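Hello,

Here is the structure we spoke about handing over. My notes on helix packing, the chain contact and the core follow.

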Number of protein chains: 2
Amino acid sequence: MNLVDKDFAGLDGSATQRAYHTLRHLIVTGDLKPGEKLKIDGLRQRLDTGASPIREALSLLTSDHLVERIDQRGFRTAQVNVENFREILALRCALEDMALHQSIANATLAWEEKVVLAHHRMQRVQPSDLDRFETFHKAFHMSLLDNAASPILLKFCSQLYDLNIRYRYLAGKALNYQRRDISEEHQGILDAAVARDATEASSRLIGHYRMTGDYLAGLLGDGAIT
Amino acid sequence: MNLVDKDFAGLDGSATQRAYHTLRHLIVTGDLKPGEKLKIDGLRQRLDTGASPIREALSLLTSDHLVERIDQRGFRTAQVNVENFREILALRCALEDMALHQSIANATLAWEEKVVLAHHRMQRVQPSDLDRFETFHKAFHMSLLDNAASPILLKFCSQLYDLNIRYRYLAGKALNYQRRDISEEHQGILDAAVARDATEASSRLIGHYRMTGDYLAGLLGDGAIT
DNA sequence: ATTCCAGAGATAATCGATATTTCTTCCGGG
DNA sequence: CCCGGAAGAAATATCGATTATCTCTGGAAT
């Protein structure tokens, strides 16, 4: 909790932003369980802040589909289920395919270098340090798309990424990065992107997602995760 | 302002929801101009409510891309420009195409009837009553997609719809529905959907969007709208 | 035994006030 | 005449308290 808190939340002084990032992290990592009631007062004490920043943060998380607001009855974390997971997976494949094609179409040297750098940073951290790895993993994936001149699309991708990663955290140890050679998959995507081969990069990217995704959907379907 | 306020905002007692719907309507219709500073106190008086509901509503609108939050410096309505408009148009075409295909793939009699009903209601109102027409126009378009079992996708479509309609309001009288036979276009989309012809329906739908869209983008490019 | 209602307690939503930050204006120095 | 900085004004962000709403328990009536 320390590292990511510092990375994301400690930077700016706004209590709302701090609460937003902390809560998002708590939900994405599963510290706050799916469907859990989010009592304002409890969170207020836990994050050591007032009710207003909490409420505002929860409002923001609502739009990220991580929190549900029940009118006059407060907030709770979003429920999880197979259908939801499959939807996220399908949307991610469709939207990232789109974004990646655009990104590569606009490719520049500067972008290429940013992607290589992001990849290197991800490679460098131990996958055992999950929180840290996830941070750089997301940074790498988003850097691939970053060159698509389409802020709304990128925001959608980022949101879907977080929703997806939440399921990965929920699966927890059931899912093991080491099983497959993730590293090689990333390298393949990077190479294709650098080579400006959008079709190849996209198909590798989507394969990358589906591989983990289908396995996870299986776990969910078996009721191994709730 | 009366009708839509009653339709959307008067329904539930929550001050936050009320503020959210009212503000969204004010922004979408252009009563609050693009880039305009949104002073909490001003809005508080205008909507006759406290600061907390206003702030929460603005937070929600931020996630709809209708409001920008500048940390420690308050809120302002989202800026408009051609690039933004083109992005919205492109995303709408891509996402609605996807949603429409899914919706038709899941077609049922009940859905078919809802679409027909929504179309009828839209036909029935005078396009001169803009607010009212827009309400039913959106209802019709969303009903087409409604059968896609993909809540997140539908939410994206709905958001993009609102962003797009905002530009239409901004164009105002420059844009005239009567110019083209909009009615016939809607009928064509409806017919294709009812016939379960996803390809035809989608191509008509997208044509429908691009027609208005390209014209509007032209206006924007000429600096006719700011 | 079951259902319905009342009341107490808990919780959410909202308000009013304070503290903090940013913006503006105006004065003095270069 | 222009630039920089400090004081005052304005606006935001936050807090603590009040009000409205919901939930749960227990008892009475059917």
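Two residues are in contact here if their C-beta atoms, placed from the backbone, lie within 7 Å. Please keep in mind that this is a predicted model.

Helix packing in chain A. On that criterion, H5(A) meets H10(A) through A:Val82, A:Phe85, A:Arg86, A:Leu89, A:Arg92, A:Cys93, A:Glu96, A:Asp97, A:Leu100, A:His101, A:Ile104 and A:Ala105. The partners in H10(A) include A:Ala198, A:Ala201, A:Leu205, A:Tyr209, A:Gly213, A:Leu216 and A:Gly221. Sorted by class, this contact comprises 15 nonpolar, four polar and four charged residues. H5 spans residues 82-105 of chain A and H10 spans residues 198-221; their axes lie 10 Å apart, at an angle of about 170 degrees. Angles over 145 degrees count as roughly antiparallel, so that is how H5(A) and H10(A) run relative to each other.

Contact between the chains. Chain B places 20 residues in contact with 20 residues of chain A. On the chain B side, helices H4 (51-63), H5 (82-105) and H8 (151-171) each supply at least two residues. H4(B) gives the most, with six residues. By class, the chain B side has seven nonpolar, eight polar and five charged residues.

Core. The largest nonpolar core holds 65 residues. Those with the most contacts inside it are A:Ala99, A:Leu153, A:Cys157, B:Ala99 and B:Leu153. Leaving aside residues up to four places away in sequence, B:Leu153 touches A:Leu91 in chain A, along with B:Leu95, B:Met98, B:Ala99 and B:Ala148 in chain B.

Regards

Definitions and conventions. Residues are numbered from 1 along each chain as its sequence is written. Chains are lettered from A and ligands numbered from 1 in the order in which they are written. This is a predicted model: local features need pLDDT of at least 70, side-chain atom pairs count only at pLDDT 80 or more; totals for chains, interfaces and linings use all residues. Axes are lines fitted to C-alpha atoms, for helices over the stretch in contact, and angles run from 0 to 180 degrees between N-to-C directions. Helices (H or I, at least four residues) and strands (E, at least two) are DSSP runs, numbered from the N terminus. Angles under 35 degrees count as roughly parallel, over 145 as roughly antiparallel, 65 to 115 as roughly perpendicular and the rest as oblique. Ala, Val, Leu, Ile, Met, Phe, Trp, Tyr, Cys and Pro count as nonpolar, Asp, Glu, Lys and Arg as charged, and the others, Gly among them, as polar. A nonpolar core is a set of buried Ala, Val, Leu, Ile, Met, Phe, Trp, Tyr and Cys residues joined through C-beta atoms within 7 Å. A residue is buried if 20 or more other C-beta atoms lie within 10 Å of its own, exposed if 12 or fewer, and partly exposed in between; C-beta atoms are placed from the backbone.
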